[in-house]
Amino acid sequence: MTDRHLEEELSAFLDGELTLEDQARVSQHLDACADCRTDLQRLEETITLLRQLPSREAPKHLTDAAMRLVDARSRRVRWLSQLRRVFFEPVWPKLSLGIAALASIALAAVLTSQEIPFQGSNEEASSQAPDQQSYSRAAHVETNQYSLSLPSTPPGAAAPASPPLAGAAPPRSAPAPMPNPAIPDISGRLVVSDLQAGMRKMRELTVAVGGEEIGIVHQAGAVVFTVTVPESELRRFMAGFATVGQWQATRAEASAWPDLRVQIRLIEANERAR
Amino acid sequence: MNKAGSIRTDDRLMAERLRRGDNLAWNEFFRRYRDRIYGLCFRMLRNLVDAEDAAQDVFIRSVRAIGTFRGDSSLNTWLYRIAVNICLTRLETAKRNGNSVELDPELESNDPAPDRLAASSQLQIALRRAFDQLDPLFRLPVHLRDVEECSYEEIVQILSIPLETVKTRIHRGRKLLQQLLAEYSA
């Protein structure tokens, strides 16, 4: 018989939650102590009884509201994806082409004004072709490799008149990327005179708009404060920043979710001046 | 890979699908946890209406917060933790407002038919009463361990209390139940 009776070790022993060493010690004690063996048996009976407690069947409609929220979000994400495809995706290639074309024209103009006589011969123009070709290639790189034809490039001298590069076309059929939950929808710096007071005000503001604090990271002279805020309250939330400090946004993106993720880096004014 | 590891992987895959707004995954998730979360809320709040309200809140909160699930714990633990926090907030609010959320265990016999049938044995009625008489400090860890079959480590994460406290509360809760049940059977 050992010095004392077992207490919570008995439950942990039955649950298999002891270390091997403790398990051996408890087993050894049980071999020698009839009282603890009786205790263990009663405990085992109680646990067996507890496991007979019938589980409660939840009402069928219990998750209906949550499922409606899932549906609403899915619809919203699909709608935004379509919107993005219809309005934005075709615009970027066009814009890129336009910018590249303008850049090429500008370059060509600079080159012609500096090196090529205004009314040069074909041979002279032809002699410039390699340079223009290299610029043309640079333009290819800068514009996501869309095929370009420079207006001043003589036929046959420019980059090979190949069709647009394979794989260079915009992925129109690819689904729009889903929002990454790790990236805030809105982020920025908030310069405050006192970090502690600033944090307190931000917390009050978050609660006032029904938001939720989801992360806080303390750094030297700064605090990164991340919250989710209902989209409907975003305007009120951000208007409140003026009462806390000086706000400077670094990122603001449309989100597909009703709750927006806002990351605020609070910086103490004197820290910023340092 | 060990069991815990594969569960984590399953949870991560499930969480990824949930984050993408996959309706099938959400259906599966709700089906898997509906009864368990409802049971946990009832165990904490001891009132069917409050338990239903709280469980609905838990699932809505899970949809809103799935983006914050990092996979450090299992989905199980993550969801139970949401449930415990929601129930504790409700209990706090009720206490502050002076409202009683206690339900006389006798009223439990007004449960829907399947439950009433299941609870028809005297033993089960005695069990429920005994459970309801337990201090919430002990009731919750014992429920998580003996009904939900959570590990001690999971209970540590769900309740945010140290392992030693979990051990003590589970053991003391069981001992109290043992006494209460002895009284009923006498």
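**Notes on helix packing and chain contacts**

1. The crossing of α2(B) and α7(B) is right-handed. The model is a predicted one. Helix α2 of chain B covers residues 23-45 and helix α7 of chain B covers residues 136-147. The two pack at an angle of about 160°, and their axes are 10 Å apart. An angle over 145 degrees counts as roughly antiparallel, so α2(B) is roughly antiparallel to α7(B).

2. Which residues make this contact? On the α2(B) side they are G39(B), L40(B), R43(B) and M44(B). On the α7(B) side they are R139(B), L140(B), H143(B) and L144(B). Sorted by class, the contact of α2(B) with α7(B) has four nonpolar, two polar and two charged residues.

3. Helix α7(B) also packs against helix α8 of chain B, residues 152-159. Here the axes come within 10 Å and cross at roughly 140°. α7(B) and α8(B) are therefore oblique to each other, and their crossing is right-handed. From α7(B), the contact uses L140(B), P141(B), L144(B) and R145(B); from α8(B), it uses Y152(B), I155(B), I158(B) and L159(B). Seven of these residues are nonpolar, none is polar and one is charged. L140(B) and L144(B) are listed in the contact with α2(B) and again in the contact with α8(B).

4. In chain A, helix α2 (residues 20-32) packs with helix α3 (residues 34-50) at an angle of about 110°, with the axes 6 Å apart. The range for roughly perpendicular is 65 to 115 degrees, so α2(A) and α3(A) are roughly perpendicular to each other. The crossing of this pair is left-handed. H29(A), L30(A), D31(A) and A32(A) of α2(A) meet A34(A), C36(A), R37(A) and L40(A) of α3(A). By class there are five nonpolar residues, one polar and two charged.

5. How many salt bridges does the structure hold over all chains? The total is 20. One of them joins E9(A) and R25(A), whose closest N and O atoms are 3.4 Å apart. E9(A) lies in helix α1 of chain A (residues 8-14) and R25(A) in α2(A), so the pair ties together parts that are 16 residues apart in sequence.

6. The two chains also meet each other. The contact takes 50 residues from chain B and 42 residues from chain A. Between them the chains bury about 4300 Å², of which 61% is on carbon and sulfur atoms. Five salt bridges are counted between chain B and chain A. Among the salt bridges is the pair D15(A) and R174(B), with closest N and O atoms 3.0 Å apart.

7. What is E52(B) in contact with, leaving aside its neighbours within four places in sequence? The partners are P59(A), H61(A) and L62(A) from chain A, together with Y38(B) from chain B. E52(B) itself is in helix α3 of chain B, residues 48-65. From E52(B) to G39(B) is 13 residues in sequence and 9.4 Å in space, C-alpha to C-alpha. G39(B) is one of the α2(B) residues that meet α7(B).

Definitions and conventions
Residues are numbered from 1 along each chain as its sequence is written. Chains are lettered from A and ligands numbered from 1 in the order in which they are written. This is a predicted model: local features need pLDDT of at least 70, side-chain atom pairs count only at pLDDT 80 or more; totals for chains, interfaces and linings use all residues. Side-chain values use heavy atoms; hydrogens and water are left out. Axes are lines fitted to C-alpha atoms, for helices over the stretch in contact, and angles run from 0 to 180 degrees between N-to-C directions. Helices (H or I, at least four residues) and strands (E, at least two) are DSSP runs, numbered from the N terminus. Angles under 35 degrees count as roughly parallel, over 145 as roughly antiparallel, 65 to 115 as roughly perpendicular and the rest as oblique. A crossing is left-handed if the near helix is turned anticlockwise from the far one by less than a right angle, and right-handed if clockwise. Contact means heavy atoms within 4.5 Å. Ala, Val, Leu, Ile, Met, Phe, Trp, Tyr, Cys and Pro count as nonpolar, Asp, Glu, Lys and Arg as charged, and the others, Gly among them, as polar. Buried area is the accessible area (1.4 Å probe) that two parts lose on being put together, summed over both. A salt bridge is a side-chain nitrogen of Lys or Arg within 4 Å of a carboxyl oxygen of Asp or Glu.
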